[in-house]
Amino acid sequence: MDLTRVIEELGIEEKRIIKVKYSGHFKNFNANAKYNADKIEFNLSRQWKDIDKDIQVGLIQSLIVKIKKIRNIKTEDMKLYESFMKNLSKYAKKHTYDKELEESYERVNENMFQGMMDKPNLIFASESFNKLGSYEYSSDTIFMSTIFKDLPLNEKRFLDYVMYHELLHKKHSFNIKNGKHHAHTTAFREDEKRFNVSEQELTQWLRKKRRGFRLLDWGVISKHL
Ligand SMILES: [Zn+2]
């Protein structure tokens with residue numbers, strides 16, 4: 001890969017050594033970056049190897065922009081990368097639905113999206129109070145914390161609230177899967193407010209459910225939602 005071009009197109013200075021490796025440790029099209037004062041190393045899942053070089057350049061540029069917290073730069077390659085990732089979710093195999101999550105999705109789709117939202121894969125992940133849910137663009141999957149399993153009817157709205165949040169990620173944008181970037185734009189937050197549960201109510205509910213555990217602080221919850 002032409003790494004000089006990666007930097008030049010961004011119009012920035014970068015004196016660190018840049019390396020790109022393909023690794024079998026990632027699923028799907030995940031990637032991450034490790035860096036210190038001397039070098040930046042990009043690790044891409046092996047699936048990236050066969051993908052068009054321009055799109056890979058766009059991926060690396062997108063990661064650099066995140067690392068260096070640069071705003072307002074979007075190269076042609078970054079646009080290519082974004083549409084590649086968006087199209088991936090369209091063609092991702094869809095066949096894994098947990099029954100309870102499917103019911104939640106159907107309620108939310110009906111009430112909040114006028115039935116227009118495509119159903120992603122819906123899977124219970126692990127028992128976590130920190131990470132309530134997540135949406136993985138590359139496999140079009142919502143992962144939900146198991147703390148939302150078997151809720152009494154009057155509490156299912158908290159599951160639906162997190163379901164709605166994750167479906168908004170599907171609607172609005174995609175996450176770069178290095179765990180750093182969340183697409184909570186202003187438009188996203190405006191949409192989110194339309195739901196009849198507030199983040200405060202959710203926090204209170206979590207607090208009750210988490211009796212005996214350390215209270216979560218507000219920032220932690222919203223960051224990982
Ligand atoms: Zn989120």
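Analyst: Let's start with α4. Its buried residues pack against β4, β6 and α5. Keep in mind that this is a predicted model.

User: Which residues of α4 are buried?

Analyst: L101, S104, Y105, V108 and M112. They cover an arc of only 100° around the axis, so they sit on the same side of α4.

User: Why would residues spaced like that line up?

Analyst: An α-helix has 3.6 residues a turn, so residues three or four places apart point the same way.

User: And what is exposed on the other side of α4?

Analyst: K99, E102 and E110 are exposed there.

User: How far apart are the end C-alpha atoms of α4?

Analyst: They are 20 Å apart. At 1.5 Å a residue, the 14 residues of α4 should span 20 Å, so the two agree.

User: What follows the helix α4?

Analyst: Q114, with a positive phi near 50°.

User: Switching to β6. Which strands are joined to it, and do they run parallel or antiparallel?

Analyst: β4, residues 121-124, runs parallel to β6, with four bridges. β5, residues 133-136, runs antiparallel to β6, also with four bridges.

User: How many residues lie between β5 and β6 in the hairpin?

Analyst: Four. D140 is in that turn and has a positive phi of about 50°.

User: Which way do the β6 residues point, and are they buried or exposed?

Analyst: T141 and F143 point one way, I142 and M144 the other. All are buried.

User: OK, now the largest nonpolar core. Which members touch the most others?

Analyst: I60, V162, M163 and Y164, out of 37 residues in that core.

User: Which elements supply it?

Analyst: α1, β3, α2, α3, α4, β6 and α5 each supply at least two residues. α5 gives the most, with eight.

User: Where does this core lie relative to the domains?

Analyst: Between them, because domain 1 (3-90) and domain 2 (99-224) both give residues to the core.

User: Back to I60. What does I60 touch, leaving out residues up to four places away in sequence?

Analyst: V6, V20 and F42.

Conventions
Residues numbered from 1 in each chain as written. Predicted model: local features only at pLDDT ≥ 70, side-chain atom pairs only at ≥ 80, totals over all residues. Core = buried A, V, L, I, M, F, W, Y, C linked by C-beta atoms within 7 Å. Buried ≥ 20, exposed ≤ 12 C-beta atoms within 10 Å, placed from the backbone. Domains from an automatic or database assignment. Contact = placed C-beta atoms within 7 Å. Pairing = 2+ DSSP bridges. Expected span 1.5 Å × (residues − 1). Arc of directions from axis to C-beta.
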